[in-house]
Amino acid sequence: MTYTQRIIEQVKAKDGGQPEFIQAVTEVLASIEPLIEAHPEYEKAGLLERIVEPERVIMFRVPWQDDNGGVHVNRGFRIQFNSAIGPYKGGLRLHPSVNLSILKFLGFEQVFKNALTTLPMGGGKGGSDFDPKGKSDAEVMRFCQSFMSELYRHIGLDTDVPAGDIGTGAREIGYLFGQYKRLRNEWGGVLTGKGLSYGGSLARTQATGYGLVYLVQEHLACKGDSFEGKTVCISGSGNVAIYAAEKAQQLGATVVTLSDSTGWIHAPQGVDIEAIKQVKEVERGRISDYAKRVEGVEYHDGRGVWAIPCDIALPCATQNELLIDDAKALVANGASIVAEGANMPTTLDATAYLQGNGIVFFPGKAANAGGVATSGLEMSQNSERLSWTFEEVDAKLAGIMKSIYHAADDAAREYGHEGDYVAGANIAGFKKVAESMMAQGIV
């Protein structure tokens, strides 16, 4: 049994009730064996044993009061996974599905994603099983203030800089930041995704979706191709999906699908970006509302996005949404590229099927790193007390995504996995973290 296999088995034994975390560890460690074999000193230093264990897991209760005076208690988390290359950095997810396994999986992925950006950021993740949907602004504010009343003890500019995530948008970040500032009596860029009037960065809303498209664009350019004339299927209809669709269509593609938790749409003539922004960002409506007001759009309940023929598929909704049958449909319908806009939206067997059938596959830790990269750029602007233009941030984002593509491509070639961007991204990200941990001793 190899060193990596032994650690995978140890994680399964120790964290058997955490399937999402086990999935993430298996995916990373299985693909970096050539790197581990080339560095026997890693085993001697217990590197893998340390890297799969969070540096700190914080769990706490979050009591809050609704508008009718009722008291509710949610569970709050912050997983501070690895700080070898910088302060912990990762989002706060507010969603009923949040649990320890999901956050450990996201935090583990975040470590290597952040390393790929080349910015000095460690990996972390947090959140709560609180659901902001259907809550009034006052209820969300009270929850956020209660959540931050505990979290503030564990974060800081040089310690841990959380960001937004699913369920945590500009409204929630504003309430969290206000409470942090109130408790600490200081203004600092300790949260990213802030409003533009108090330290936020231009292009942050667009960053993950744009970055996803920039990475695929660089791959296409290296092959003498482009988005021009391509048909693109996208799942989700949040920030990532909307702005991936916007940028893909700006580059000449036709985006024909979007979805939400209730259903999905097929728009053969292309998605109307301004109309979908109105429904999802302004009205906070459902994808079915968009279908009712735009001609030529078909709405379907449930799942089905990946049954539509396309050249490029961009899963941008949530983890484990693209299943083996979806992968088979994409292959059968002639897709050539799948790039993850969400965090691990493709199951391991679906990923293997896609790669085994010649589809170019870009994992989320590389393809959706644009959001955290721009969060890092927001941190830089806050530290310098500067505000860059949209064009400046967008140009830096495009440069970072190009560098991520080439880092993954080069690592894959170096370790005998040419064209395997899962292995390439894992090796490139892991290598930087491993070198930093080795330099800092057994800590």
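Me: Is Cys144 buried or exposed?
Reply: Keep in mind that this is a predicted model. A residue counts as buried under 20% relative accessible area. Cys144 has 1% relative accessibility, so it is buried.

Me: Which cysteine sulfur is nearest to that of Cys233, and how far away is it?
Reply: A disulfide needs two cysteine sulfur atoms within 2.5 Å. Cys233 is in no disulfide. Its nearest cysteine sulfur belongs to Cys310, at 3.9 Å.

Me: How many disulfides turn up in the whole structure?
Reply: Cys233 is in none. Searching the whole structure gives a count of zero.

Me: And what is the relative accessible area of Cys233?
Reply: The cut-off for buried is under 20%. Cys233 falls in that buried group, with a value of 0%.

Me: What share of the residues in the protein is buried?
Reply: Cys144 and Cys233 are both buried. Out of 443 residues in the protein, the buried share is 57%.

Me: What radius of gyration does the protein have?
Reply: For 443 residues, a compact globule would come out near 22 Å. The protein agrees with that, because its radius of gyration is 21 Å.

Me: How many helices and strands does the protein have?
Reply: The C-alpha trace spans about 60 × 50 × 45 Å along its principal axes. As for secondary structure, the protein has 18 helices and 12 strands.

Me: How far apart do the centres of the positive and negative side chains lie?
Reply: There are 42 positive and 54 negative side chains in the protein. The centres of these two sets are separated by 6 Å.

Key: Residues are numbered from 1 along each chain as its sequence is written. This is a predicted model: local features need pLDDT of at least 70, side-chain atom pairs count only at pLDDT 80 or more; totals for chains, interfaces and linings use all residues. Side-chain values use heavy atoms; hydrogens and water are left out. Helices (H or I, at least four residues) and strands (E, at least two) are DSSP runs, numbered from the N terminus. The radius of gyration is taken over C-alpha atoms; the globule rule is 2.2 Å times the number of residues to the power 0.38. Buried means under 20% relative accessible area, exposed over 50%, partly exposed in between (1.4 Å probe, protein chains only). Lys and Arg count as positive and Asp and Glu as negative; His and the chain ends are not counted. The place of a charge is taken as NZ of Lys, CZ of Arg, CG of Asp or CD of Glu.
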